[in-house]
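Please look at the sequence and the model shown here, and then read the report that follows, which goes through parts of the fold one after another.

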Amino acid sequence: MSATESWWLPKHEESQQNKQQESSSPADYGCNKTIAIMSNAQPAEPVSDIPKYLLELGVTEECKKLIMSLPTEKGWVANHLHQYQGFWHTTRQLQAVLACQRHFQAQDTDIFLITTPKSGTTWLKAIVFALMNRFQYPNTHTHHHPLLSENPHVLVPFLELGLYIDGQVGDFTTFTSPRLFGTHLPFVSLPDTVKNSTCKLVYMCRNPKDTFVSLWHFTNKLRTNGTNSLEETFDKFTRGVSLYGPFWDHVLGYWKQSLENPERVLFLKYEEMKEQPKVQVLKLAEFLGRPFSLEEEIDGILKLCSFENLSNLEVNKTGKLASGEDYNTFFRRGDVGDGKNHLSPQMIKKFDQITQQKLHGYGLKF
Ligand code: PAP
């Protein structure tokens, strides 16, 4: 079988793959860095309306072989999810995980912003970018601030989903130190160089009901052929079969690390950030070694990074990531407790039971 044949793809994706292979071009990601494609990876090109990590194109023979040995289930949007090191990934995303595990070289000064999808990633990226760059960009209200003209996912790129999505060796030469990265990787799957360095990990989690409902809305926006029923995705999510799931194992992995290595891992909750933003941002700044001396600075950053401000910026209303997602899909309501507006009493009961079972005994509550 040839390297370009997609043996597991349904017909519509095969024809899309053929179309893409006719028009190959290098891709730009994250902070506009050009990526060098790894020699053993097939060229993979940007697709106009589907995020790259949802495609099953341009996968190496090595990755295909691995996939054949992994548990596989039908995905929420992508055709397949594969369970690797205990967590579920789409096909292209899995290849990216393998590439960054193999090639990424951490620096001790790196900062990783880590979440499960829909736990407040965009917000955390904005806050930490503004906090770390506040001497360079002290005026959060002037149009010179990068967050007013660029989406947080561009300013703080995703490691596996952005920089390594083509299974390539990333070009990090234009990053300034300390480098900021986002990732959804579970602790077990972080590259060894990250685990063995002294770089800082900031983890933000969100209560599972709101995370699930946010993910359900988000994935339905990405689907081109109808929506997933709440019941079907609820069943998958509660069985752990969701992007980077099981949710509870992801959260627990970093919770344990934050208890064992508090100087390296800071554990934050979306709900606490909403309730006491100043307290949480002060904690974050101390942890990152950039404490505040002026309260006004925190006020400016919180205003700049608020849901109201970011979601109403022209760039976030109209722009699109190089990987395919419209920026506006990252802004929906930004509330605490929306899960309850969508879930039945039985669903809520099941969520609470699983949370109790999984997290009981570890001192972590939602
Ligand atoms: P990602 O993990 O795919 O990058 P992420 O940013 O975590 O996405 O998820 C988006 C959620 O964060 C949305 O939640 P909702 O669906 O419940 O509304 C989005 O509204 C919310 N969000 C985005 N920006 C902010 C912000 N500045 N403040 C608070 N919540 C935000």
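In strand β7 (residues 180-183), Leu180 and Gly182 point one way, whereas Phe181 and Thr183 point the other way, and all are buried. A residue is called buried if 20 or more other C-beta atoms, placed from the backbone, lie within 10 Å of its own, exposed if 12 or fewer do, and partly exposed in between. Strands (E, at least two residues) and helices (H or I, at least four) are DSSP runs, numbered from the N terminus. In a regular strand the side chains alternate between the two faces of the sheet.

This is a predicted model, in which local features need pLDDT of at least 70 and side-chain atom pairs count only at pLDDT 80 or more, while totals for chains, interfaces and linings use all residues. Residues are numbered from 1 along each chain as its sequence is written.

Strands pair if DSSP finds at least two bridges between them. The table gives two such pairs.

| Strand pair | Sense | Bridges | Bridge partners |
|---|---|---|---|
| β6 (residues 111-115) and β7 | parallel | four | Leu113 and Gly182 |
| β3 (72-74) and β4 (residues 80-84) | antiparallel | three | Glu73 and Leu81 |

Strand β3 belongs to an open sheet of three strands, which has the order β3-β4-β5 with antiparallel pairing. Its edge strands are β3 and β5 (87-89), each of which pairs on one side only. Helix α3 (residues 91-103) lies across β4 and β5 and runs at about 30° to β4, where axes are lines fitted to C-alpha atoms, for helices over the stretch in contact, and angles run from 0 to 180 degrees between N-to-C directions.

Elsewhere, helix α13 (residues 277-287) and helix α14 (residues 295-304) pack at an angle of about 110°, with their axes 10 Å apart. The two helices are therefore roughly perpendicular to each other, a term that covers angles of 65 to 115 degrees. The contact, for which C-beta atoms placed from the backbone must lie within 7 Å, is made by Pro277, Lys278, Val281 and Leu282 of α13 together with Ile298, Ile301 and Leu302 of α14.

Which residues are closest to the ligand? Of the 21 residues that surround the ligand, the closest are Thr121, Thr122, Ser214, Arg332 and Gly334, where a residue counts as near if its C-beta atom, placed from the backbone, lies within 6 Å. Helices α4 (121-132), α9 (208-222) and α15 (307-312) each supply at least two residues of this shell.

Taken as a whole, the protein has 17 helices and nine strands, and 40% of its 366 residues count as buried.

Note on methods
Two residues are in contact if their C-beta atoms, placed from the backbone, lie within 7 Å. Angles under 35 degrees count as roughly parallel, over 145 as roughly antiparallel, 65 to 115 as roughly perpendicular and the rest as oblique.
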